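I opened this notebook to look up the pockets of one structure and what lines them. My entries follow in the order in which I looked.

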Amino acid sequence: MSTLVIIGAQWGDEAKGKMVDVLGSEAELVVRYSGGNNAGHTVIRDGETFKFHLVPAGILHTEVTSILGGGMAICPKSLLEELEQTRKQQPELGRLIISPAAHVVFPYHKLLDQLEESARGDNKIGTTSRGIGPMYTDKVQRVGIRMGEFVRPDVFKERLKTVVEFKNRLIQLLGGEPIEFEPLFEEYSQYAAQLAPYVVDTESELQDAVQAGKQVLFEGAQGTFLDLDHGTYPYVTSSHPTAGGACLGTGVGPRDIHHALGVAKAYTTRVGEGPFPTELDNEIGQQIRDQGHEYGTTTGRPRRCGWLDLAALKASCRINSLSGLILTRIDVLSGVGDIKVCTGYKLNGELLKGLPYTTADWAACEAVYETLPGWSGDISGSRSREDLPQTAQDFVSFVEDFCGVKSAILSVGPDRKETIFCDRSLLWG
Ligand code: GDP
Ligand code: IMO
Ligand code: MG
């Protein structure tokens, strides 16, 4: 009996996609539970690159059923395009089903995302412009349209009409062009017809699988510090990427989540605006960006790079009750010289017990560092922990000791084979 949540333990892009692909072959179901196509999950197999935004990275395993859970934000157009693209790359895919409770992203959400960002001026969040915030706003405001309604033409028409009228008032207030109902309805009805066969009672299917003791893998999107509640608010996304989100976004209860693994880079990156105490706005930051090709999978934006923030990672271990760590991109730090890790923050000269709360405190706090010796050379061929240079092994041990959580897996390159399994008992066992 085992269920396993894979979450991003930092600010996203930790290599969750690679890990879901690696562990997906051991699962019967792979379930996305939050966010939408703001996510960009990369899988590289034998030199071929797959990019997933909405489709679970488990879909490449033909025996696995992939689920888009009720907590998700689904852009029907992007989903259909992504399925088509993935089928071009690999004609036979696993089965995909969608929860009727998942909410639909419409063009007015994307338009509002852009208009709201412009209105924020210097305080912009740096969103992915995928309409995610405005869609979740509708959900909370109780005017959103769910997949179960979207695929019922009679219900959909009435609901869309009411919502479009309401949204147009808002769009015009922000200086945008109103959306025309008829063409929108026509276009989206076609998508609804294509997606209708996928919309089934995923919650029952998932519950049956969990009760039957099948191995279920939950694919987190974004990262802990982009969580609406636990992140660096307001520079966050509008959903719950943390392990608790797996319960909310799928209907599986907390006692049925058995393991949680946190994926973390050996350094830190963030895209978009917001606090980043360990950011390296210098040559080392640029070296990490170059060596790690740190450009966004979804938007292509250069990712901001900095040292590993262990104070944040330790908090992430607590927030997600992590049973194990997956440290990725250890290869990228080769040749950068001595490596710093942040072990805490000082605010007004005082060491903080936890993390700062307000944007002002985040901006004013100072990272406290410890310096560790680095390593050099190509380490992507390492297949066991002992194959790594001693300094890299010591770095991994330092992270584990500081966080009080052991590594389940280490990653030394983007390909699925560039993976080191440290402790399999932390996975499903
Ligand atoms: P996700 O959003 O967490 O799935 O991560 P992304 O796919 O957005 O970004 C992770 C990037 O790192 C992708 O381009 C992966 O191919 C790549 N990657 C994954 N693991 C490693 C690794 O250990 N080393 C290196 N150099 N790249 C990796
Ligand atoms: P994956 O799953 C990194 C960031 C955006 C922005 C903030 C809010 O690939 O790790 P949104 O469009 O969600 O309203 O933007 O969140 N963001 C991500 N950053 N990886 C992601 O997903 C992200 N999804 C959203 O850059 O700062
Ligand atoms: Mg990503």
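What volume does the largest pocket have? Working with a predicted model, I looked this up at the outset and noted a volume of about 730 Å³ for the largest pocket. I then turned to its lining, which is made up of 42 residues, and wrote down those closest to the pocket centre, namely Asn38, Ile125, Thr127, Val236 and Thr237.

Which helix gives the most to this lining? I found that helix H3, spanning 107–120, and helix H4, spanning 132–141, each supply at least two residues to the lining of the largest pocket, and that H4 gives the most, with six residues. Sorting the lining of the largest pocket by residue class, I recorded 18 polar, 14 nonpolar and 10 charged residues.

Next I went to the second largest pocket, for which I noted a volume of about 570 Å³. Its lining holds 26 residues, and I listed Thr42, Ile44, Arg303, Arg329 and Pro414 as the closest to the centre. The elements that I found giving two or more residues to this lining are helix H1 (16–24), strand E3 (41–45) and strand E4 (48–52). By class, the lining of the second largest pocket divides into 13 polar, eight charged and five nonpolar residues.

Conventions. Residues numbered from 1 in each chain as written. Chains lettered and ligands numbered in written order. Predicted model: local features only at pLDDT ≥ 70, side-chain atom pairs only at ≥ 80, totals over all residues. Heavy atoms only, no water. 1 Å grid on protein atoms, 1.4 Å probe; cavity = no way out; pocket = protein on both sides within 12 Å on 5 of 7 lines; lining within 4 Å. Points joined across faces, edges and corners; volume = space filled by probe spheres on them. Helix = DSSP H or I, 4+ residues; strand = E, 2+ residues; numbered from the N terminus. Nonpolar A, V, L, I, M, F, W, Y, C, P; charged D, E, K, R; others polar.
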